[in-house]
Amino acid sequence: MDEKIFVTRSSMPTYEEYIEAIKPLWESCRLTNMGQYHKELEEQLKVYLDVPEISLMVNGHMALEMIIQAFDFPEGSEVITTPFTFVSTTHAIVRNRLKPVFCDVKSSDGTIDEAKIEDLITEKTVAILPVHVYGNVCNIEEIQRIADKYGLKVIYDTAHAFGVKYKGKGIGSYGDASVFSFHATKVFNTIEGGAAAFSDKTLYDKLYNLKNFGIRGEEHVVSIGANAKMNELQAIMGLCNLRHIEQAIAAREERSRYYKEHLQNIKGIRLFDENRFTDKNYAYFPILIEEDYPISRDDLYDLLKSHNIYARKYFYPITADMECYKNQCEANDLTVARKVSGQVLTIPFYEKLEKEQMDRILQFIIEAVKNMNR
């Protein structure tokens, strides 16, 4: 039976490296509450990501939820965002008692269509929340121009864009805030984890309080907060993985080139456009199955799965069509988002994916075209 090839695989240090790194922790028995390794990782990530300030969290979703909360938007305010994203993006808005307003995306790269944002702005709009989907960078300049014109905050969902640079600057340095995910499936992981990056130094204390019950001393609870701290075991995993991040991205780039060489000229297969001002992190390898491909996206998904190759319809359906949001939001024109969502398939892609495994995946994608031409 064919070995299973999953859509992704966690990047990890060697067992020996991680065990050696946690030995002092074992002796100290201090596992949480912003300890030594939490502080070390925060400082190292601030440098690596080239961001002014950063606050570590237990996961990327809580980082997004809490940075939105830290801005103190009035309840019922509107946030313009994309429906072509993981549902966490929308949940973070709604759980802050705000209203998501869905804007269509561009077919070229899947990011929010900046040309359609202004028409969605009302007197209730307080922020724009775009997503650098698959690490494809949004039109940062135009989004910022619109935000400045209307006095809006810009909060980027940067879950897919760890280590990405745009015009020589860390992607997390743009906008009012950016949120990273360090989930096990990401380019860089802390097992679970995330962070909010921002430029306003006052947000650091706000986020500290929000993620630690508002506790600022043994007898001092200064505000209402939750528990969203990153623990020391997660932080050490992050410190270990950060040592190897450049090699990991280089290995992904090599595999990306191999896929492109074999897929870019296949009729009915389209790849997203690349931004020439961007240093990529090669987080995912999405392909778009168009009408002139011999079988549908769903049929290709099923074909691969029948041979133990687990691709993913990432993202399908769009957030606006999920059961929990359908008919709950304005009926904006989301034609492109729905089309892209019905075409996209992220195929297995990670730094240790073997050439033989890639050839096996490519075989089924290419054979469908050859069979049509026989």
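Where is the place of Glu-354? Glu-354 sits in the loop between β15 (344–346) and α11 (355–372); helices (H or I, at least four residues) and strands (E, at least two) are DSSP runs, numbered from the N terminus.

This is a predicted model, in which local features need pLDDT of at least 70 and side-chain atom pairs count only at pLDDT 80 or more, while totals for chains, interfaces and linings use all residues. Residues are numbered from 1 along each chain as its sequence is written, and side-chain values use heavy atoms, with hydrogens and water left out.

Together with Asp-2, Glu-3 and Glu-356, Glu-354 forms a negative surface patch. Patches are made of residues with over 30% relative accessible area and no salt bridge, with like charges joined within 9 Å; a salt bridge is a side-chain nitrogen of Lys or Arg within 4 Å of a carboxyl oxygen of Asp or Glu. Glu-354 counts as partly exposed because its relative accessibility is 43%. Here buried means under 20% relative accessible area, exposed over 50%, and partly exposed in between (1.4 Å probe, protein chains only).

Elsewhere, Tyr-316 and Pro-317 are joined by a cis peptide bond, with omega about -10 degrees. Pro-317 has its place in the loop between α9 (297–306) and α10 (335–343).

Conventions. Patch = residues over 30% accessible without salt bridge, like charges linked within 9 Å, V, L, I, M, F, W, Y side chains within 5 Å. Areas by Shrake-Rupley, 256 points an atom, 1.4 Å probe, with all protein chains shown as cover. Lys, Arg positive; Asp, Glu negative; His and termini not counted. Charge placed at Lys NZ, Arg CZ, Asp CG, Glu CD.
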